[in-house]
Amino acid sequence: MNGDYFFSFQKFAYVKGERPPGCILCLIRDRDPSVVDLSVHRDPLFIVAVNLYPYNPGHLLVFPTRHLTDLRDLEPAEEAHLARLTRYLLDSLDKLNAAGGYNLGYNMGRAAGASIDHLHLHIIPRFPNELGIADLLAGKRVLVESPLETARRLRERLAQEPFSNPSS
Ligand SMILES: [Zn+2]
């Protein structure tokens with residue numbers, strides 16, 4: 001693990017080889033064979049995927065199936081759906097890993113650090129005994145679980161209690 005990891009954790013390295021043209025989240029939505037599919041939930045309005053370079057195990061990306069770039073472009077039905085889906089995911093992550101807390105947020109626009117423009121919500125589990133910032137800057141951050149394994153476990157977890165989805 002090298003020192004860039006801390007700074008690049010928001011980048012979407014789903015790409016198996018050369019970065020294909022087009023939006024990476026739209027490619028995941030379309031199940032394009034050129035990207036690693038770490039999706040754990042799909043419905044008509046939203047997709048949830050494990051970040052291939054997670055800040056922590058269980059780091060999720062929640063994004064609308066529509067290619068939107070601004071939070072304010074969500075329709076009211078999408079906002080309501082997203083609120084329910086977020087609660088569902090937090091409950092599911094609680095059961096999966098018993099995190100001590102969560103960071104939730106958007107980076108909207110390049111100036112804010114978004115590496116792609118398709119709107120996406122980060123859900124990042126936080127744990128009481130994480131490495132400190134000095135360890136991160138020294139490139140010592142250690143992944144304790146492969147994102148592929150996280151995706152596998154989370155798919156199992158979600159299958160046990162599927163998202164109930166009255167709006168779609
Ligand atoms: Zn897109």
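The structure is a predicted model, in which local features need pLDDT of at least 70 and side-chain atom pairs count only at pLDDT 80 or more, while totals for chains, interfaces and linings use all residues. Residues are numbered from 1 along each chain as its sequence is written.

Helices (H or I, at least four residues) and strands (E, at least two) are DSSP runs numbered from the N terminus, and two strands pair if DSSP finds at least two bridges between them. Five strands form an open sheet in the order β1-β2-β3-β5-β4, with antiparallel pairing. β1 (39-42) and β4 are the edge strands, each with a single partner strand, so one side of each has no neighbour in the sheet. From one strand to the next the twist averages 20°; angles run from 0 to 180 degrees between N-to-C directions, and axes are lines fitted to C-alpha atoms, for helices over the stretch in contact.

β4 pairs with β5 in the antiparallel sense over six bridges, and glycine 101 stands opposite arginine 126 in β5. A residue is buried if 20 or more other C-beta atoms lie within 10 Å of its own, exposed if 12 or fewer, and partly exposed in between, with C-beta atoms placed from the backbone. Of the six residues of β4 (residues 101-106), zero are buried, so this strand lies largely in the open.

Residues are in contact if their C-beta atoms, placed from the backbone, lie within 7 Å. α5 lies across β1 and β2 and runs at about 35° to β1. The axes of α3 and α5 come within 10 Å and cross at roughly 120°. Ser92, Lys95 and Leu96 in α3 meet Arg153, Leu154, Arg157 and Leu158 in α5.

A nonpolar core is a set of buried Ala, Val, Leu, Ile, Met, Phe, Trp, Tyr and Cys residues joined through C-beta atoms within 7 Å. The largest has 23 residues, and those with the most contacts inside it are Val48, Ala49, Val50, Leu60, Val62 and Leu89. Two or more residues each come from α2 (24-29), β2 (46-50), β3 (60-64), α3 (76-97), β5 (121-126) and α5 (147-160). Leaving aside neighbours within four places in sequence, alanine 49 is in contact with Ile28, Leu38, Ser39, Val40, Leu60 and Leu61.

Notes:
Two residues are in contact if their C-beta atoms, placed from the backbone, lie within 7 Å.
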